[in-house]
Amino acid sequence: MARNDHLLSVGNEALAPMSEAMSALTTQIDQLTEVADARSTARLATLKTRMENFTASVTFVGQVKAGKSSIVNILAGRPGLLPSDVNPWTSVVTTLNINTRMPGEYRSKFTFFEQEEWDNLMVGGGRLGELANRAGADDEMEDIRRQIAQMKAKSEERLGKHFDLILGQSHQYDYFDEELIQRYVCLGDEDDPDINPKTGRFADVTKAAELYMDIPQYPIALKLCDTPGVNDTFMVREQITLRSLRGSEVCVVVLAASQALTTMDMALMRIIAQFENRQIVLFVNRIDELTDPVKQVPEIRDRIQDTLKQNGIDTSTSVVFGSALWAEAALTGNPDILTDDSRQALNTFYLAAGFGDQAASLDKIWALSGLPDLLLAMNERIAQGAGTRLLDRVRHRARNIASQIRATSVAKSLSGGDGVVRDLDGVSPEDAIATVAAEYDKKAAALTTSLRDKVLERLASAEANFVKRATDSLIAHLEQNGEQGTWQYDPAGLRTLQKAAYFSFARAMRKDAGALYSAAAADVEALYHKLLGNHLGEFSIEAPIVPRVPPPLGIGRTIALDLQSTWWRRWWQRRKGFEAYAADYTRLIASEANSITKDLEETQIAAVLENVRAVLSDFMREQQETLLSISQSAEKAPGTAPDLMAGLEPKKSRDEILGDILKDLSNEAA
């Protein structure tokens with residue numbers, strides 16, 4: 001760790017309420033465990049484990065040379081850990097697992113592409129080749145094949161006879177250092193004499209890198225994912241980056257101050273436009289390179305907000321300005337790493353911040369670096385997002401388990417003459433319970449099928465509408481201009497329609513699944529009352545929490561219509577006659593639109609609907625087990641069940657203890 005690693009604690013105040021709530025909830029679960037039977041004890045242990053294993057995922061994306069790796073290194077307290085110079089550069093998605101339990105004894109793991117993935121790249125050109133083929137861009141496909149052949153030849157030269165053996169495998173080590181990491185995740189200019197010949201030896205075939213470290217300054221477990229960007233030559237890693245983002249609680253978009261004024265990579269904008277506002281933090285790095293940072297920072301902020309607005313992103317998105325170089329100087333305690341220009345920019349900022357009459361200090365440099373603001377923004381989003389959702393789910397389950405413990409306790413205390421009811425409207429409890437479980441399994445299947453059909457129908461309608469509008473626009477252009485010039489149609493409208501269809505699906509899912517869950521909980525609660533009559537007193541079973549619908553990141557992936565390059569002009573030049581233009585373009589745009597729909601269906605909609613069924617299935621199975629246990633307890637003689645509280649001589653009865661815990665859990669939830 002760096003010399004001043006205590007600076008990493010700044011921003012932890014945002015996590016304090018969450019940590020306190022988790023501690024209180026753990027205590028309540030322990031209290032419940034003291035009065036629980038074996039089945040409930042196991043369920044409560046699972047809840048505790050879930051809280052203990054809570055890990056927040058933060059993914060860093062951004063422009064090339066913006067300094068993503070430098071910032072991740074600072075947050076890891078290890079400047080220089082991941083390659084952050086222009087040459088060599090990070091080419092592999094790298095995840096830093098902080099304060100997480102390591103599988104086995106290793107501290108680093110490097111996973112290679114599967115043979116099928118490598119073959120897809122070598123034969124078809126990966127995603128870029130797929131798009132070129134779909135667009136009929138034969139000349140571009142030839143260029144892709146040449147580049148791939150060169151890449152393959154270099155990889156085989158570096159790896160020799162081991163090349164075919166490592167695909168689909170992984171390398172694990174009980175350590176990591178800069179040289180080891182560079183061997184697997186770096187690419188660089190091979191003509192640069194300063195580049196270590198071992199650098200990048202495995203980079204072409206490395207799919208992902210994982211490092212494990214402990215940082216006591218962070219009160220929770222974190223996953224910091226450093227991505228190489230989404231616009232690499234063959235889009236090999238676009239899908240890997242999207243996969244990282246799908247499970248991420250926070251997306252930190254890193255921009256270089258000098259680039260932020262004029263451009264923001266469109267592939268990047270397409271992806272972050274799909275996130276919820278609260279999940280995004282923009283970090284504008286390298287303000288130390290600005291000639292007049294005090295004046296330029298507000299101008300850059302205005303430009304960024306204009307860009308966000310133009311791309312349909314909430315302009316209230318957090319924008320943090322800073323300098324990884326200043327942060328490194330503070331963290332290492334070595335201000336000598338600053339260049340003269342960087343030092344001058346820092347002095348200007350120092351005076352503007354009102355520190356002019358105070359002695360320079362590393363704490364103040366750290367504050368001006370923007371890293372404390374970034375940490376605070378990250379932690380706020382973690383606490384308000386994943387942390388709150390976890391607490392809600394665990395409290396909810398704990399309340400239901402407490403109710404189950406109480407019902408089981410009541411059943412065991414009843415006498416044979418005034419015990420559990422064995423006849424429920426002419427059927428046995430076992431049959432009544434099985435009937436309710438089967439009924440809701442069918443209802444869940446019907447609901448998810450209906451939701452899927454409706455969203456796919458709406459997505460198909462969005463595709464058809466966009467194709468028609470685009471084709472009409474093309475024909476109008478041809479009628480007005482003939483075949484001269486080049487015409488293009490912005491696919492942003494397609495994404496807007498698809499996003500609307502997806503969010504309509506999300507609203508319908510929350511409403512319909514919520515209603516189904518509530519009905520299931522009411523019917524289950526009724527079974528408890530039927531079995532135990534008036535003995536339960538005040539008693540309730542809560543409906544499961546409806547699953548969260550993740551942002552539709554698949555909408556942001558690159559399609560052929562996004563590629564503003566010479567191949568589009570060649571596509572245009574190869575066609576003659578209105579009919580050829582219209583027919584070929586309609587086929588192209590329809591296939592591209594459908595590729596997004598297919599991706600949404602396979603990677604997101606299917607997962608959401610499976611989760612809807614799984615949540616209800618788990619709820620019904622747990623309740624069914626408890627209800628059957630209550631029913632079976634009626635067949636035993638009263639008093640045969642062991643008293644869970646025996647020997648403890650509690651000052652309160654079991655019911656009073658459970659009532660107090662339920663009240664606490666309910667109050668905290670409110």
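Helices (H or I, at least four residues) and strands (E, at least two) are DSSP runs, counted from the N terminus. Arg393, for one, is found in helix H16. With 36% relative accessibility, this Arg393 counts as partly exposed, a class lying between buried (under 20% relative accessible area) and exposed (over 50%), with a 1.4 Å probe and protein chains only. Leu47 is 346 residues from Arg393 in sequence, and their C-alpha atoms are 9.2 Å apart in space.

A quick word on what you're looking at: this is a predicted model, where local features need pLDDT of at least 70, side-chain atom pairs count only at pLDDT 80 or more, and totals for chains, interfaces and linings use all residues. Residues are numbered from 1 along each chain as its sequence is written, and side-chain values use heavy atoms, leaving out hydrogens and water.

Now for the sheet. It's an open one of nine strands with mixed pairing, in the order E5-E4-E7-E3-E8-E1-E9-E10-E11; two strands pair if DSSP finds at least two bridges between them. Strands E5 (170-173) and E11 (318-321) stand at the edges with a single partner strand each, so one side of each has no neighbour in the sheet. Further in, E9 (residues 250-256) and E10 (residues 280-285) run parallel and are joined by six bridges. Val254 stands opposite Phe283 in E10.

Angles here run from 0 to 180 degrees between N-to-C directions, and axes are lines fitted to C-alpha atoms, for helices over the stretch in contact.

| Helix | Strands touched | Angle |
|---|---|---|
| H8 (residues 178-185) | E3, E4, E5, E7 | about 10 degrees with E4 |
| H12 (residues 293-310) | E9, E10, E11 | about 150 degrees with E11 |

H12 also packs against helix H14 (residues 340-352), at an angle of about 80 degrees and with the axes 9 Å apart. The two are therefore roughly perpendicular, the label for 65 to 115 degrees. Pro293, Val294 and Val297 in H12 meet Ala345, Thr348, Phe349 and Ala352 in H14.

Finally, the inside. A nonpolar core is a set of buried Ala, Val, Leu, Ile, Met, Phe, Trp, Tyr and Cys residues joined through side-chain atoms within 4.5 Å. The largest one has 133 residues, of which Phe60, Leu75 and Trp366 touch the most other members. Its largest share, 15 residues, comes from helix H16 (residues 371-413). Trp366 touches residues including Leu7, Ile74, Ala327 and Pro372, not counting residues up to four places away in sequence. A second, separate core of 64 residues includes Leu131, Leu478, Tyr517 and Ile555.

Methods. Contact = heavy atoms within 4.5 Å. Parallel < 35°, antiparallel > 145°, perpendicular 65-115°, else oblique.
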